[in-house]
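My notebook is open, and I am going through this structure entry by entry. Here is what I looked up.

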Amino acid sequence: MSEKYYLDLFQNNQKFNVLERTFLLDKNIKIVKNYGLEIESKREEKINFKINYFPKKYCVNDVKSDIVDVLNRDNNFFMIKLNDRNKVEKILNKKTIAESIEDKIFEYMKNNPENSTIIINTIRDYKILLEEGNYHAEDKMNSEGVSSFIFFDINNKAYYTDKITNINHFIGGIIPFINVPMNLKFKIREITSDFVILEFQSEYNEEILSYASFMLTLKEILGYPMNEKYIFDFQMDGVYKIKREDSEIVGFNIQKNINLNGNKYKESIILKNVTYS
């Protein structure tokens, strides 16, 4: 029998544990990140979003990656305004974050003075994302990492066991400066008296940008010869568990398979609500 569920917009306080895993299949490398999230809802679609980083269990011998990790850990609190589609419209404390970074520049350099030029340039690029009137930081939060699947146009929609609910979503972080337009095809996997489990599969969204045009843009950005073949294959699927009473996210599991011209890797994001752990 066909079943239907309408997902309201949930805005109460929540705490999550997050596990991110990346497997570089051709290099046999695994990167694991564990951290916690705290979401405190406010009035007028505003929330406080805090990332509680755990000690690193991976090592990247790269100065730029290391300083970005330090910057992320030092600046892990965001005041966010959401729009009516539950997407991040504005990060309200960007100026405060930029000022905090500026105050610590010499502290960031003192332990690695031989790479001060790389550190300063990385900090400069990081701060560009936080410029007033520049929406790069909001774009990253809407398209990359766990936040892109929390602040997400999944709410205020009906879902079914026997037909698809389509959601347009941009996925970033795969290729620099490119967000990939995807169509996420949702349906109900299971529904009980307490919970609903939604699942989705993905396909490239030709209605937003033709795949041929996307590939031309990709080659141009990467500096790849236009007349040579370039393989780009991206598949993603996921499962959300939702509390029926108030549309609270109990958890989700997002899986990505990526092939960049023969460089293959898998990514996963697993989120669990602390209340239900």
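**Entry 1: ground rules and overall fold.** I take helices (H or I, at least four residues) and strands (E, at least two) as DSSP runs, numbered from the N terminus. On that basis I find seven helices and 13 strands in the chain. I keep in mind that this is a predicted model, where local features need pLDDT of at least 70 and side-chain atom pairs count only at pLDDT 80 or more, while totals for chains, interfaces and linings use all residues. Residues are numbered from 1 along each chain as its sequence is written, and side-chain values use heavy atoms, with hydrogens and water left out.

I looked up the extent next: the C-alpha atoms fill a box of roughly 65 × 50 × 35 Å along the principal axes. The radius of gyration, taken over C-alpha atoms, has a globule rule of 2.2 Å times the number of residues to the power 0.38. For 277 residues a compact globule would come near 19 Å, and the chain's 20 Å agrees with that. I also noted that 42% of the 277 residues count as buried (under 20% relative accessible area; exposed is over 50%, partly exposed in between, with a 1.4 Å probe and protein chains only).

**Entry 2: aromatic rings.** I pair rings of Phe, Tyr and Trp (its six-membered ring) if their centres lie within 6.5 Å; planes under 30 degrees apart are stacked, over 60 edge-to-face, and the rest tilted. I get 17 aromatic pairs in the structure. One of them is Y204 with F214, tilted, at 5.5 Å centre to centre and 55° between the planes. Y204 belongs to strand β10 (residues 195-204) and F214 to helix α7 (residues 211-222), so this pair ties together parts that are ten residues apart in sequence. Y204 is buried at 17% relative accessibility, and F214 is buried at 2%.

Y224 and Y230 make an edge-to-face pair, 5.0 Å between centres and 80° between planes. Here Y224 is partly exposed at 23%, whereas Y230 is buried at 13%. I also traced a cluster in which ring pairs link F149, F152, Y159, F186, F200, Y240 and F252.

**Entry 3: charges over rings.** My criterion is NZ of Lys or CZ of Arg within 6 Å of the ring centre and within 35 degrees of the ring normal. The charged end of K163 sits over the ring of Y160, 4.3 Å from its centre. K241 lies over the face of F195, at 4.5 Å from the ring centre.

Entry 4: On a 1 Å grid over the protein atoms alone, a cavity is a set of points where a 1.4 Å probe fits but cannot get out, a pocket is an open set with protein on both sides within 12 Å along at least five of seven lines, and lining residues have an atom within 4 Å of a point. Grid points are joined across faces, edges and corners, and a volume is the space filled by probe spheres set on the points.

How many cavities of 30 Å³ or more does the structure hold? I count two. The largest cavity has about 220 Å³. Its lining has 20 residues, with F10, Q14, N86, I150 and I249 nearest the centre. The second largest cavity has about 40 Å³, lined by Q11, S41, K42, E45, K46, I47 and L82.

**Entry 5: an open pocket.** The second largest pocket has about 160 Å³ of space. α1 gives the most to its lining, with four residues.
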